[in-house]
Amino acid sequence: MTTSTDLLDRVHELAPAFAERTQKTEENRAPLDETISDLVDSGVLSTLTPKAYGGHEFDLGVARDIVKTISAACPSTGWVASFYIGAAWRVNIFTEQAQREVFANNPYTLTAGTAAPLKSVEPVDGGYRITGQTAWNSGSVHADWFTFAGLTVADGQPAMLWFLVPKEDVTVLDTWYISGMAGTGSNDVAVDSVFVPTYRTGNFGLALAGQAPGQLLHANPMYHLPFLPFAMAEVTPVVTGATRGAAQAFLERTRTRQGTLSQEKASGRQAAQIRLGRALAAADAADILLDSFFDRLTAQRPEQADPFDRAGAKLRAAYLTDLCRNAVNEMVRGIGGDGFRTSCPVQRFHRDLNVLAVHAFLDIDSAAETMGRFTLDLPVSDPLI
């Protein structure tokens, strides 16, 4: 029987290869085929899959440690891995029939998708017809399934639904050209009058509260988490892993760097020593905050979580991300001109973390505004809460 230690050992063995592929991954604008094969063969993608479908059903802390390790080697690979691992949880928003269809042949699922609503959702006999184009579909290049969100009207009230669509019905558009997180294959995808049967439809509003019927099929309370805190648990380990990777890369850069004109070694300069110490402290602080985030997430009774709790989780995740962004921005002040060559990992971590920090889930300004409005008893309209 595979243990969580077995999975983590496999990831540590793979991390050097992922690090070696970072430049090619970025140039490819998606994980390399061999990277996806490595992830599949290692068994890590079934970390959160229910045992009923052949998965490991390990806790969120195991997924956290796997994603952190991969992200320290290559944030783009860690990001895609986190969403593929998390997809096994997100599929539980749908019906049991849909879940069994997804896991019919494998105890993992390569699923991409976003929460942005589609242009058109039309109720039809036996399901819905959906049309539209969405951006930011991380892992789209290798995905077998895609999820889409869309608004409809139920009992006279607007309702947000989620749709599960096989890759054969989806067009992946070559749109992923970006300065950071460039290797995630987060392309736009489109559907044109695609029929989605009712059983592959989920109530996203119920999922926000952890009460979707498909979630409640499973006894493990991990599957009853509200959607947003779970999504934060997916992405924050990428941030902290990338920060740890940046600090390690900065350490190596400081050890080897020598001034072009002065020929002075950077390691002998007090400014470099101070900057390195601060970088290492920031990586440690990020890990501590992440562990605290996960402790609170798993200790709460998620079925009682209310919007204020979810806003707090989002703020803590965003604050952690802002800390990491500031830390890596401080690091690059001391890497010299050669440190911005594509061969230097520090500049890639710098670009990646700055892109992560403006993600809708992790943006400090929007998260802080939402919590501020809650605290001041003002109306809150954040669609992710």
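The paragraphs below lead through a predicted model, from a sheet and its hairpin to a pair of helices, the cysteines and a few single residues.

Residues are numbered from 1 along each chain as its sequence is written, and side-chain values use heavy atoms, with hydrogens and water left out. Because the model is predicted, local features need pLDDT of at least 70 and side-chain atom pairs count only at pLDDT 80 or more, while totals for chains, interfaces and linings use all residues.

Helices (H or I, at least four residues) and strands (E, at least two) are DSSP runs, numbered from the N terminus, and two strands are said to pair if DSSP finds at least two bridges between them. Four strands form an open sheet with antiparallel pairing, in the order S2-S3-S7-S6. Its edges are strand S2 (120-124) and strand S6 (171-172), each of which pairs on one side only. Strands of a sheet pair through backbone hydrogen bonds, either parallel or antiparallel. Between S2 and strand S3 (residues 127-137) the antiparallel pairing runs over 5 bridges, and Thr 131 in S3 is the bridge partner of Ser 120. The hairpin of S2 and S3 has 2 residues between the strands, and Gly 126 takes a positive phi near 85 degrees there.

Another strand, S1 (residues 111-117), holds Thr 114. This threonine, Thr 114, has a relative accessible area of 11% and is therefore buried (buried means under 20% relative accessible area, exposed over 50%, and partly exposed in between, with a 1.4 Å probe and protein chains only). Contact means heavy atoms within 4.5 Å, and, leaving aside neighbours within four places in sequence, Thr 114 is in contact with residues including Thr 134, Trp 136, Thr 147 and Trp 162.

The crossing of H9 and H11 is left-handed, a term for a near helix turned anticlockwise from the far one by less than a right angle, right-handed being clockwise. Among the residues that meet are Ala 246 and Phe 250 in H9, and Cys 324 and Val 328 in H11. Val 328 is buried, at 0% relative accessible area, and, not counting residues up to four places away in sequence, Val 328 touches Ala 246, Phe 349, His 350, Leu 353 and Asn 354.

Cys 324 is likewise buried, at 0%, which raises the matter of disulfides, defined as pairs of cysteine sulfur atoms within 2.5 Å. A search of the whole structure finds 0 disulfides. The cysteine sulfur closest to that of Cys 324 belongs to Cys 74 and lies 17 Å away, too far for a bond; for Cys 74, the closest is in Cys 344, at 15 Å, again too far.

Finally, two loop residues have a positive phi without being glycine. Glu 57, with phi of about 50 degrees, lies in the loop between helix H3 (33-42) and helix H4 (60-73) and is partly exposed at 23%. Met 181, with phi near 50 degrees, lies in the loop between S6 and strand S7 (187-197) and counts as buried at 3% relative accessibility.
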